[in-house]
Amino acid sequence: MNVELVLFGAFALLTLLSAGLVILARSPINSAMALVSTFFFLAGIYVLLWAHTVAVVQVLVYAGAIMVLFLFVIMLLNLGESAHRGKPTLSRILGGASAVGLLGVLGITLSRVPAQPANLGPQAQATFGTMASIGQSIFTQWLLPFEAVSLLLLVAMVGAVVVAKSRI
Amino acid sequence: MVPITYYLLLAAALFCMGMFGVLVRTNALVVFMCVELMLNAANLTFLAFARMHGDGIGHVSAFFVIAVAAAEAAIGLAIVIAVFRSRGTVNVDDIRTMKH
Amino acid sequence: MITPLAPYLPLAVVLLLAGLMAMAIPQLTTRLGPKRPSAIKSSPFEAGSESSGPARQRFAVKFYVVALLFIVFDVEAVFLYPWAVNFQALGWFGYVEMLVFAATLIVGLIYVWKKGALDWES
């Protein structure tokens, strides 16, 4: 029995369970907490893919910052449990069915594609997914997207302040 | 070695769960959380293909996706706050002024 | 077979121990501690006075602005780390790149400041 496979199975099961809680929980606080655990288990999956840096960033930004923002807004609006579920309108039924159908199509297609991880030599194993190798590509090859991210963050900052604090 | 197909299937399942939540849930905040789930599924696909081909470009893409997700959460939640202020609800069924 | 996952073994041990502790300690305190409840003890306590109103109250929006700034500069820090690791290799070119990036964000910070979103009292 392969240790990596066992770890993958455990993390995948926990990820799917917590994602299911996110979409089914009645109170938004419960959804948010389930989302935090989804992010943590996904970080475990990223580690199994040797994406060391992205796993750390996932915990730092997603579980650390984005979820704080979500919880702040839930407390800001003081939302309790939603009293009523959404009415099962036609668009809602069709939407849910199309999500299930998409899962079926993707599952059939992807399971027919044989995909194995690349066989990396010891040299590549030591640098794959490290901070240094990612930084090297961001700051040389992907310079324009990197600077665009700063503009995106600037727009987000200005826009959020204008929208949220309209009455100053 | 875990076959990359398993990771891709997990990402597909996560994406479809997020899509289900976006289309079915009524609370705008939960809809946003489901969008985050879908973004994470995209990230997982990037990382799985990066591992399959053994290059780091997928990791760079995942970095940028995370930055975009942060900006999206900031601005989207600000819109939720503004809507709650003017309408007093975050239920997407009750916000239908634009829909004639 | 040695994989790049080997350094994570100590982390896994720590997480396992932390999880076990988190489950065991509350269980032990409820099982071992004596419980003698009375009417006075189990009433909600609010600094001597009668409790009034629900515990959950709405936060002010100014907290949202602080959380927003936190998230933006958290993402900046995430990009600063790989830059700092490669600082020697990138040289002056990398220095200017990060200067442009940081300057753009500082423009946003100045805007938020001038707009008065950081004033706590207003």
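## Domains, core and chain contacts

In this predicted model, the centres of domain 1 and domain 2 of chain A, taken over C-alpha atoms, are separated by 23 Å. The domain assignment places domain 1 of chain A at 1–80 and domain 2 at 130–168.

The largest nonpolar core comprises 107 residues. Those with the most contacts inside this core are A:L69, A:V73, B:A70, B:A74 and C:L68. Domain 1 (1–80) and domain 2 (130–168) of chain A both contribute residues to the core, so it lies between them.

Neighbours within four places in sequence being left aside, B:A70 is in contact with A:V61, A:A65 and A:I66 of chain A, and with C:I71 and C:V75 of chain C.

| Contact | Residues from chain B | Residues from the partner |
|---|---|---|
| Chain B with chain A | 62 residues | 72 residues from chain A |
| Chain B with chain C | four residues | five residues from chain C |

On the side of chain B that touches chain C, there are four nonpolar, no polar and no charged residues.

Turning to the contact with chain A, 62 residues come from chain B. The elements of chain B that give two or more residues to this side are α1 (4–24), α2 (28–53) and α3 (57–87). The most is given by α3(B), with 22 residues. By class, the side of chain B that touches chain A holds 49 nonpolar, nine polar and four charged residues.

Definitions and conventions: Residues are numbered from 1 along each chain as its sequence is written. Chains are lettered from A and ligands numbered from 1 in the order in which they are written. This is a predicted model: local features need pLDDT of at least 70, side-chain atom pairs count only at pLDDT 80 or more; totals for chains, interfaces and linings use all residues. A nonpolar core is a set of buried Ala, Val, Leu, Ile, Met, Phe, Trp, Tyr and Cys residues joined through C-beta atoms within 7 Å. A residue is buried if 20 or more other C-beta atoms lie within 10 Å of its own, exposed if 12 or fewer, and partly exposed in between; C-beta atoms are placed from the backbone. Domain bounds come from an automatic or database domain assignment. Two residues are in contact if their C-beta atoms, placed from the backbone, lie within 7 Å. Ala, Val, Leu, Ile, Met, Phe, Trp, Tyr, Cys and Pro count as nonpolar, Asp, Glu, Lys and Arg as charged, and the others, Gly among them, as polar. Helices (H or I, at least four residues) and strands (E, at least two) are DSSP runs, numbered from the N terminus.
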